[in-house]
Amino acid sequence: MVVSKLLIAVVHDLDADQVISALAEEGHRVTRIPSMGGYLRMDNSTLLIGVEDESMAGVLAILERECSSREIE
């Protein structure tokens, strides 16, 4: 496997497990780093994903499918 890009995705902590599982099912390797958002100070996970050029669209589709939007009060 030749990795040509490093995708850095910051996702809400509640979505991280589902995203990582979906990526792993497709054979992608992911490193998870706990992080915190600066503006709302919410718990996030920063995901480091090594992606081949031809797999980029699939990885982005997984991120869109597995992450949900939230309203913060």
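**Fold and packing of the predicted chain**

V51 is found in strand β3, where helices (H or I, at least four residues) and strands (E, at least two) are DSSP runs, numbered from the N terminus. The model is predicted: local features need pLDDT of at least 70 and side-chain atom pairs count only at pLDDT 80 or more, while totals for chains, interfaces and linings use all residues. Residues are numbered from 1 along each chain as its sequence is written, and side-chain values use heavy atoms, with hydrogens and water left out.

The relative accessible area of V51 is 0%, so V51 is buried; buried means under 20% relative accessible area, exposed over 50%, and partly exposed in between (1.4 Å probe, protein chains only). Not counting residues up to four places away in sequence, V51 touches V3, S4, K5, L7, M56 and V59, a contact being defined by heavy atoms within 4.5 Å. The C-alpha atoms of V51 and E64 are separated by 16 Å, the two residues being 13 apart along the chain.

The secondary structure of the chain comes to two helices and three strands. From the N terminus on, these elements run β-α-β-β-α. The three strands form an open sheet in the order β1-β3-β2, with antiparallel pairing; two strands pair if DSSP finds at least two bridges between them. The edge strands, each pairing on one side only, are β1 (5–12) and β2 (30–36). Neighbouring strands of the sheet are turned by 25° against each other on average, direction ignored. Axes are lines fitted to C-alpha atoms, for helices over the stretch in contact, and angles run from 0 to 180 degrees between N-to-C directions.

Strand β3 (residues 43–51) pairs with β1 in the antiparallel sense over eight bridges. Within this pairing, L6 stands opposite G50 in β3, and the bridge partner of V11 in β3 is S45. The antiparallel pairing of β2 with β3 extends over seven bridges, and I33 stands opposite T46 in β3. Strands of a sheet pair through backbone hydrogen bonds, either parallel or antiparallel.

In α2 the buried residues are M56, V59, I62 and L63. These residues lie on the same side of α2 because they cover an arc of only 125° around the axis, the arc being that of the directions from the helix axis to the C-beta atoms. The buried residues of α2 pack against β1, α1 and β3. The face of α2 turned away from its buried side carries the exposed residues A57, E64 and R65.

For the chain as a whole, 30% of the 73 residues count as buried. Among contacts between residues at least 6 apart in sequence, 67% join residues at least 24 apart. The C-alpha trace spans about 40 × 20 × 15 Å along its principal axes. The accessible surface comes to about 5100 Å², of which 52% belongs to carbon and sulfur atoms. Accessible areas come from the Shrake-Rupley method with a 1.4 Å probe, and for residues only the protein chains shown count as cover.
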